[in-house]
Amino acid sequence: MSALPQISESEFEIMKIVWQYAPVSTNDITDQLMKTTAWSAKTIQTLIRRLVTKGALSYKKQGRVFVYTPLIGEDEYLSQKSSSFLNRYYDGHLASMVSSFMEHDRLSDEEIDSLRALLSGNKDAPLKEVSKKGTASHNDKGE
């Protein structure tokens with residue numbers, strides 16, 4: 001896996017929108033982020049420019065509008081970040097990370113059941129995402 005650009009948390013918020021809606025205009029990105037952040041349009045445009053400079057986004061000018069597409073895949077980026085996190089905090093040992101989460105009651109019974117199904121080779125097991133409120137919901141991406 002090739003080295004991907006370092007993306008800040010703020011830049012990652014931009015990337016999530018681009019991954020979901022690409023190709024997407026500056027105005028659409030700004031509209032989406034102004035619903036969920038207190039960032040100004042100028043701040044958002046600065047973050048977009050940084051992502052272009054870093055090689056994470058490309059753009060085309062369509063009339064008077066800039067339209068952005070990702071140059072790095074969401075799965076590739078998340079995979080590399082997950083591996084980096086695992087190596088940094090758990091010396092690359094997934095079992096140590098899961099054990100830590102279990103010891104501190106951070107896994108629900110539903111999540112443990114999903115992990116058991118995955119480990120037993122049941123690739124059809126429904127994966128769940130847990131919202132910030134702690135309730136499980138099906139992943140909309142079918143992952």
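**Entry 1: the sheet**

I began with Ser58 and looked up its bridge partner in E3, which is Thr69. I was working on a predicted model throughout. I then took the two strands as a pair. E2 covers residues 57–62 and E3 covers residues 65–70. They run antiparallel to each other, with six bridges between them.

Next I checked the link between the two strands. E2 and E3 make a hairpin, and two residues separate them. Gly63 sits in that turn, and I noted its positive phi of about 70°.

I widened the view to the sheet. It is open, has three strands and pairs them antiparallel in the order E1-E3-E2. E1 and E2 are the edge strands, each with pairing on one side only. I also asked what packs on this sheet. H1 does, and it touches E1, E2 and E3. The direction of H1 makes about 90° with that of E3.

As a reminder to myself: strands in a sheet are paired by backbone hydrogen bonds, in a parallel or an antiparallel way.

**Entry 2: helix H2**

Which residues of H2 are buried? I listed Thr26, Ile29, Thr30 and Leu33 for this helix, which spans residues 26–36. Looking down the axis of H2, I saw these buried residues fall within an arc of 95°, so they line one face of the helix. The face turned away from them holds exposed residues, Asn27 and Lys35.

I then looked for what the buried residues of H2 pack against. The list is helix H1 (9–21), strand E1 (24–25), helix H3 (41–53) and E3.

I followed Ile29 on its own. I set aside neighbours within four places in sequence. What remains in contact with Ile29 is Ile14, Ile17, Val18, Val24, Ile44, Ile48 and Tyr68.

**Entry 3: the core**

I turned to the largest nonpolar core, which has 19 residues. Ile14, Met15, Ile29, Leu57 and Ile72 touch the most other members. Helices H1, H2 and H3 each give this core at least two residues. H1 has the largest share, with five residues. My general note here: nonpolar side chains in soluble globular proteins tend to be buried together.

**Entry 4: Thr46**

I picked out Thr46, which lies in helix H3.

**Entry 5: the whole chain**

I finished with totals. The protein chain has six helices and five strands. I read their pattern along the sequence as α-β-α-α-β-β-α-α-α-β-β. Of the 143 residues in the chain, 24% are buried. The accessible surface of the chain is about 10,300 Å², and carbon and sulfur atoms account for 50% of it. I also looked up contacts between residues at least 6 apart in sequence. Of these contacts, 47% join residues at least 24 apart.

Terms used:
Residues are numbered from 1 along each chain as its sequence is written. This is a predicted model: local features need pLDDT of at least 70, side-chain atom pairs count only at pLDDT 80 or more; totals for chains, interfaces and linings use all residues. Side-chain values use heavy atoms; hydrogens and water are left out. Two strands pair if DSSP finds at least two bridges between them. Helices (H or I, at least four residues) and strands (E, at least two) are DSSP runs, numbered from the N terminus. Buried means under 20% relative accessible area, exposed over 50%, partly exposed in between (1.4 Å probe, protein chains only). The arc is that of the directions from the helix axis to the C-beta atoms. Contact means heavy atoms within 4.5 Å. Axes are lines fitted to C-alpha atoms, for helices over the stretch in contact, and angles run from 0 to 180 degrees between N-to-C directions. Accessible areas come from the Shrake-Rupley method with a 1.4 Å probe; for residues, only the protein chains shown count as cover. A nonpolar core is a set of buried Ala, Val, Leu, Ile, Met, Phe, Trp, Tyr and Cys residues joined through side-chain atoms within 4.5 Å.
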